[in-house]
Amino acid sequence: MIRPCRFPDPTLFPYMPLLEVTDLRTGFDTDYGRVVAVDGVDFSVERNKTLGIVGESGCGKSVTALSVMQLLPRPAGNILGGSIQFKDRELVEATPDVMVDVRGDEIGMIFQEPMTALNPVQKIGRQVSEVFILHKKMDKATAREASIDILEKVGIPSPEIRIDEYPHQLSGGMRQRVMIAMALGCKPDLLIADEPTTALDVTVQAQILKLISDLQAEMGMAVILITHDLGVIAETCDEVVVMYGGRIVERAPVLELFANPQHAYTKGLLRSIPRLDRKRKTKLPTIEGNVPSLDKMPSGCRFSTRADIEHDEASITNRPAYGEISPGHWVEKCPYCYQPD
Amino acid sequence: MKPLLSVENLKMHFPVKGGVFLRSVASCKAVDGVSLMIHEGETLGLVGESGCGKSTLGKCMVRLLEPTGGRVDYDGSDITHMKRHDLLPKRRDLQMIFQDPAESLNPRHTIGEIVSEPFIIHGIGDRQERLAKVGELLEKVGLSASAAEKFPFEFSGGQRQRIGIARAIALNPKMIICDEPVSALDVSVQSQVLNLMMDLQSDLGLSYLFIAHDLAVVRHVSDRVAIMYLGKIMEIADADAIYENPRHAYTKALISAIPIPDPTKREDPRFLEGDVPSPINPPEGCAFGHRMDHPKWKESVGMDLALREVGPGHWVQPCPCCTNL
Ligand SMILES: Nc1ncnc2c1ncn2[C@@H]1O[C@H](COP(=O)(O)OP(=O)(O)OP(=O)(O)O)[C@@H](O)[C@H]1O
Ligand SMILES: Nc1ncnc2c1ncn2[C@@H]1O[C@H](COP(=O)(O)OP(=O)(O)OP(=O)(O)O)[C@@H](O)[C@H]1O
Ligand SMILES: [Mg+2]
Ligand SMILES: [Mg+2]
């Protein structure tokens, strides 16, 4: 097999994005027809940087991540168009061989639900070792040592005992840490972390985020962090992408996004953040209504069914323009959801 | 107010197998002497380090696990070792929402089948009635009624979590053990679900055990909060007291580690030093003091660490290292 050439020396091209996703479209073929879960998404991430992705549950964050990894459920899930440029390679057309090399070694992924990613009938040790055996060509004994070491780093107590246990014997948070260990084991260039810390208490969460940022400092790893916790976004991200209904409605540097949100959905999201100073047991602010299911999604402004301001026919049927309003700050310019003052 | 559910000195020790003959070589003390009660119409928040035994405690309360020690009382009867047959009518109004939806939703069943399962188990309604009820429940948790025909894999993580919630509230239970019910949801759907849970509580007098890691959420919905560490309760008090006047060092560490949703207030990550303790070989004395390598930890070894009341309804583990008692 011819190994694709490595990325040019990063010191020579410091501003070249490590990953550049352009107009990505991903769909599923279902009994009731084709649904488009990701509908024209653009973003990029540089070495050493952390990009946050937030958005309503079901808006396509995990599907975006799975598209980059080429791990969509087959045959239903397919990339319908667009480009995923990683280093000097186009992943949309990459062969399964190339992807086996890329996954785990160059791109690590932490999956949202640990039980879907861990094999329930295989011991923890075997699953973690596999990463080292496959990508670092270690022998079994060395891989076992390396596994114990990385499990300890992610804060699993008694790793030498846990390694011989099965996933169901671990708590939710420990399973999640096993997956974090598998993703970080090979020191990937890009880490895609889908809700990496939701099952962890805040002290362990801080420890894992520290581990990730240490690895970032040590070897310039880029991170895509998908999370609902806007506190975590505020503390760790450089740039944030806000998704709704399979599209990006806003994208901005983190300080700008929190200080100056522009899209109606982003504003609603920031208003709903749980706060410590609210009167207990009172009604929490929400965004009215529910996301329509994918087959009933309007083709124009997708937030039109939820927004406070009634939309006209044109904005419901025609996709709003997406443009840059200040350096690095992009918004979907639906005339009702984006009203600059 | 009388307690609806109470546990007393509850223990759940799992055997750890090893060696050639897979004999029990040690035990994992997941829950190690927990006593608490939940009153009618009350929400008790439960917070603690991952792996400290929260889910295990919840599963013992609904008797998905049979505890190895102590007792569980529900609605006036001792259910600690109750047989499956006698337990069934109790389980009807004692439900659980599971932490990992992938673990609890059968991938080969449609959402309609999953949500109507409780009706079938308890022989309620005919097909038509069940169908109508399922649609209503799905809409209540913010999904469309048409979701009933789909399979779990067709949904996102947060959508799956809501399916679990719909199933748990199907039979109008009196008490729900909620294991991380909203952690997979974005903040706006999360608020919708929490509002729904609070509404159900005020309408029907529901009680909750609410397990979660998001301390702002726990504070908002809970009347009282319990802080757990390595199989034991460290502190339990009214929600306001826990947040405004925490007494145990672990509670204080948790509160100071809450991420602040304001990028201008970024601080270096605060995190705990020391090795995470293991329930397989728990340290003697105060577990958190041991973790922090506190100079006074030694004094706690051999001490009586039973919770002590330090204010009205405010109980804390007395030890020289973490509470200065
Ligand atoms: N296998 C599938 N078949 C059909 N539809 C699917 C499939 N997998 C996902 N979807 C749909 O794609 C959409 C996007 O799902 P995705 O998992 O990316 O959401 P998400 O943003 O990660 O949400 P969450 O925050 O809840 O994890 C959802 O509406 C979901 O119903
Ligand atoms: N079926 C089992 N067999 C053996 N050990 C188990 C089993 N279930 C749980 N344990 C162990 O019991 C301990 C407590 O697990 P539990 O799932 O209750 O933790 P938790 O507090 O819910 O953690 P998390 O926040 O990560 O979900 C862990 O050490 C776990 O490994
Ligand atoms: Mg997801
Ligand atoms: Mg748990």
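At 13% relative accessibility, B:Arg167 counts as buried (buried means under 20% relative accessible area, exposed over 50%, and partly exposed in between, with a 1.4 Å probe and protein chains only). Helices (H or I, at least four residues) and strands (E, at least two) are DSSP runs, numbered from the N terminus.

## Basis of the values

This is a predicted model, in which local features need pLDDT of at least 70 and side-chain atom pairs count only at pLDDT 80 or more, while totals for chains, interfaces and linings use all residues. Residues are numbered from 1 along each chain as its sequence is written, chains are lettered from A and ligands numbered from 1 in the order in which they are written, and side-chain values use heavy atoms, with hydrogens and water left out.

## Other salt bridges

Over all chains, the count comes to 30 salt bridges. One of them joins A:Asp105 and A:Lys136, at 3.2 Å from N to O. A:Asp105 lies in the loop between α2 (96-102) and β6 (107-110) of chain A and A:Lys136 in helix α4 (residues 124-136) of chain A, so the pair ties together parts that are 31 residues apart in sequence. A:Asp105 is buried at 16% relative accessible area, whereas A:Lys136 is partly exposed at 38%.

In chain B, B:Glu66 forms a salt bridge with B:Arg63, and their closest N and O atoms are 3.8 Å apart. B:Glu66 counts as partly exposed at 42% relative accessibility, and B:Arg63 as buried at 12%.

## The interface of chains A and B

In total, 74 residues of chain B are in contact with 71 residues of chain A, contact meaning heavy atoms within 4.5 Å. The two chains bury about 5,600 Å² between them, 55% of it on carbon and sulfur atoms; buried area is the accessible area (1.4 Å probe) that two parts lose on being put together, summed over both. B:Val187, B:His220 and B:Arg266 supply 11% of the area that chain B buries against chain A, more than any other three residues.

The rule finds 3 salt bridges across this interface. B:Asp199 forms a salt bridge with A:Lys283, with the closest N and O atoms 3.1 Å apart. On the side of chain B that touches chain A, α7(B) gives the most, with 11 residues.

## A:Arg175

A:Arg175 is found in helix α7 (residues 172-184) of chain A and is buried, with a relative accessible area of 5%. Leaving aside neighbours within four places in sequence, A:Arg175 is in contact with residues including A:Pro114, A:Met115, B:Asp100 and B:Glu103.

## The magnesium ion

B:Ser55 (OG) and B:Gln99 (OE1) coordinate the magnesium ion (ligand 4) at 1.9 to 2.2 Å. B:Ser55 lies in helix α1 (residues 54-61) of chain B and B:Gln99 in the loop between β6 (94-97) and α3 (101-104) of chain B, so the pair ties together parts that are 44 residues apart in sequence. Donors are N, O and S atoms within 2.8 Å of the metal (3.2 Å for Na, K and Ca); water is not among the atoms, so sites may look incomplete. B:Ser55 counts as buried, at 18% relative accessibility.

Key: Salt bridge = Lys/Arg side-chain N within 4 Å of Asp/Glu carboxyl O.
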